[in-house]
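Good morning, and thank you for coming. I shall present one structure today, moving from the overall chain to its ligands.

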Amino acid sequence: MDRKVRVLIGKPGLDGHDRGAKYIARALRDAGMEVIYTGIRQTPEAIANASIQEDVDFVGLSLLSGAHNHLFPEVARILKEKGGSDIILFGGGVIPEEDIPGLKEVGFKAIFTPGTAATEVVDFIEREIKAR
Amino acid sequence: MLSSETDRFAHMVRICDVRGLARVLSMVENGHILAPSIMHSLYNPERSSLTVGITGPPGAGKSTLTNRLITFWRRHDNKVGVIAVDPSSPFSGGALLGDRVRMQDHASDPGVFIRSMGSRGHLGGLSGATRDALEVLAAASYDPVLVETVGVGQAEVEIASLADITLLVLVPGLGDEVQAMKAGIMEIGDIIVLNKADRPGIEQLAMSVNASLELLPDQSERPPVVKCSAQTGEGIEDLTETITSYISSLTERKQIARRRTSLILDSIIREKGRYLARKMVTDRYGSVEKAIESILEGETTPYGIGEMLSEFIDNKRECENEH
Ligand SMILES: Nc1nc2c(ncn2[C@@H]2O[C@H](COP(=O)(O)OP(=O)(O)O)[C@@H](O)[C@H]2O)c(=O)[nH]1
Ligand SMILES: [Mg+2]
């Protein structure tokens with residue numbers, strides 16, 4: 001068996017800045033993972049659909065516009081509805097400290113705030129894979 | 001036990017359970033132990049789904065074009081499947097798969113299934129996994145199933161030729177690459193697409209492509225050449241008409257079934273042949289590297305090893321014949 005860790009990086013919402021998302025995507029690739037990048041301005045529905053079709057182990061969402069309290073739980077909800085409750089969610093972007101517990105409650109295993117080194121994300125994924 | 005698991009997965013594919021289908025694609029890609037039996041259960045040489053290969057150099061607009069073609073077939077109410085293959089990094093083994101970015105128009109459409117694959121760089125594995133992924137989507141009655149591959153290496157060209165129809169996408173400004181691909185142009189494309197027709201240099205490209213097609217020994221097999229712009233949409237209708245008429249010229253179902261079957265069997269023979277020969281060398285010498293050492297130390301030659309393999313295979317056959 002030649003299994004690779006597969007991660008989908010999605011950008012829900014309206015902001016068009018994907019430098020951070022692409023930076024993480026490249027770092028994960030360089031760590032040997034298969035990263036599916038879906039582009040900017042994706043609906044939660046589109047991200048969830050893609051995650052199921054791509055059979056990923058992880059979905060990482062990146063958002064700078066401040067709509068995370070609405071859009072992140074939406075992705076989690078639709079993913080569950082489509083049978084993807086075993087997919088591990090994480091998020092990143094401009095997210096205030098006080099919003100993090102709420103996001104963890106709806107299923108986000110980790111939230112990375114600006115300035116996070118890419119290696120932290122890689123470490124997180126490798127830890128989760130080992131824990132499976 | 002195994003067979004009921006196989007049936008369960010094959011059933012999920014046939015009823016197009018998206019989660020199950022996606023799982024089976026991973027099993028095929030990862031060389032899961034059940035994958036061969038699932039494929040065995042799903043294979044139908046006379047399936048009605050057509051497969052369309054889209055190949056060409058990186059950046060030629062293959063994904064953008066695929067997005068347009070999906071739109072075309074969705075208008076005809078077909079469920080469309082897509083396999084998009086991008087190269088894996090030879091250093092890390094990872095891959096950044098970004099073809100979906102260009103296919104966003106269909107991101108929420110339940111009638112479109114898109115799967116990204118990294119080439120993973122294993123011997124023969126790329127074409128094997130992609131070949132089987134096409135059959136899986138066809139068995140889930142996606143019709144057509146499109147497969148996008150970067151058409152630079154042998155393996156990718158091989159995949160493209162596994163499809164029932166192959167589009168070769170070329171763009172202006174490649175210069176030397178078109179020269180290098182001349183042989184390929186004549187052999188792999190059923191339809192040659194000159195994309196980025198909105199760019200300067202398109203006429204020059206058309207001339208150079210037509211000139212190389214002149215060299216085809218059999219001019220009746222000369223593929224149609226279509227200019228278009230996947231970006232602006234100009235010429236896309238010409239292209240879809242050309243594809244449609246090509247499809248209707250493929251009337252002989254039995255003939256398509258024979259071609260498909262022979263390509264798949266041939267590819268499995270090559271895959272297994274390589275596996276078997278490698279395994280025999282490994283059994284005898286410990287590893288391929290150790291076999292090389294033996295050759296360098298003067299104990300044998302590559303031909304000597306070849307001879308040993310032939311003898312082994314022939315003996316095996318004789319043993320079997322005695323029973
Ligand atoms: N000018 C022009 N640009 C195009 C056309 N088709 C695609 N592109 C652009 O070419 C780049 C590569 O396209 P993509 O579909 O990703 O190419 P691929 O690598 O072959 O899949 C993107 O920036 C596209 O927007 C076209 O017909 N005209
Ligand atoms: Mg592409």
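Let me begin with a definition: a contact means heavy atoms within 4.5 Å. On that basis, among the contacts in chain B with a separation of 6 or more, 75% are made by residues 24 or more positions apart.

A word on conventions. This is a predicted model, in which local features need pLDDT of at least 70 and side-chain atom pairs count only at pLDDT 80 or more, while totals for chains, interfaces and linings use all residues. Residues are numbered from 1 along each chain as its sequence is written, chains are lettered from A and ligands numbered from 1 in the order in which they are written, and side-chain values use heavy atoms, with hydrogens and water left out.

Chain B contains twelve helices and eight strands; these are DSSP runs, H or I of at least four residues for helices and E of at least two for strands, numbered from the N terminus. Of its 323 residues, 47% are buried, that is, under 20% relative accessible area with a 1.4 Å probe, protein chains only. The accessible surface of chain B (Shrake-Rupley method, 1.4 Å probe; for residues, only the protein chains shown count as cover) is about 16100 Å², and carbon and sulfur atoms hold 54% of that area.

What coordinates the magnesium ion, ligand 2? The donors are B:S63 through OG, B:D99 through OD and B:E148 through OE, at 2.1 to 2.2 Å. Donors here are N, O and S atoms within 2.8 Å of the metal (3.2 Å for Na, K and Ca); water is not among the atoms, so sites may look incomplete. Along the sequence, the spacing of the donor residues reads S-x35-D-x48-E. B:S63 belongs to helix α4 (residues 62-75) and B:E148 to strand β5 (residues 145-150), so this pair ties together parts of chain B that are 85 residues apart in sequence. B:S63 is buried at 7% relative accessible area, and B:E148 is buried at 4%.

Turning to ligand 1, 17 residues surround this molecule, with a heavy atom within 4 Å. The closest are B:G59, B:K62, B:S63, B:T64 and B:D198. A backbone N or O atom of B:G59 is placed 2.8 Å from a ligand oxygen. Polar side-chain atoms of B:S229 and B:Q231 each lie 3.0 Å from an oxygen atom of ligand 1. On its own, ligand 1 has 580 Å² of accessible area, and the protein covers 80% of that.

How values were computed:
Buried < 20%, exposed > 50% of the residue type's maximum accessible area, 1.4 Å probe, protein only. Polar contact = N/O pair within 3.5 Å; in protein donor to acceptor, adjacent residues only side chain to side chain.
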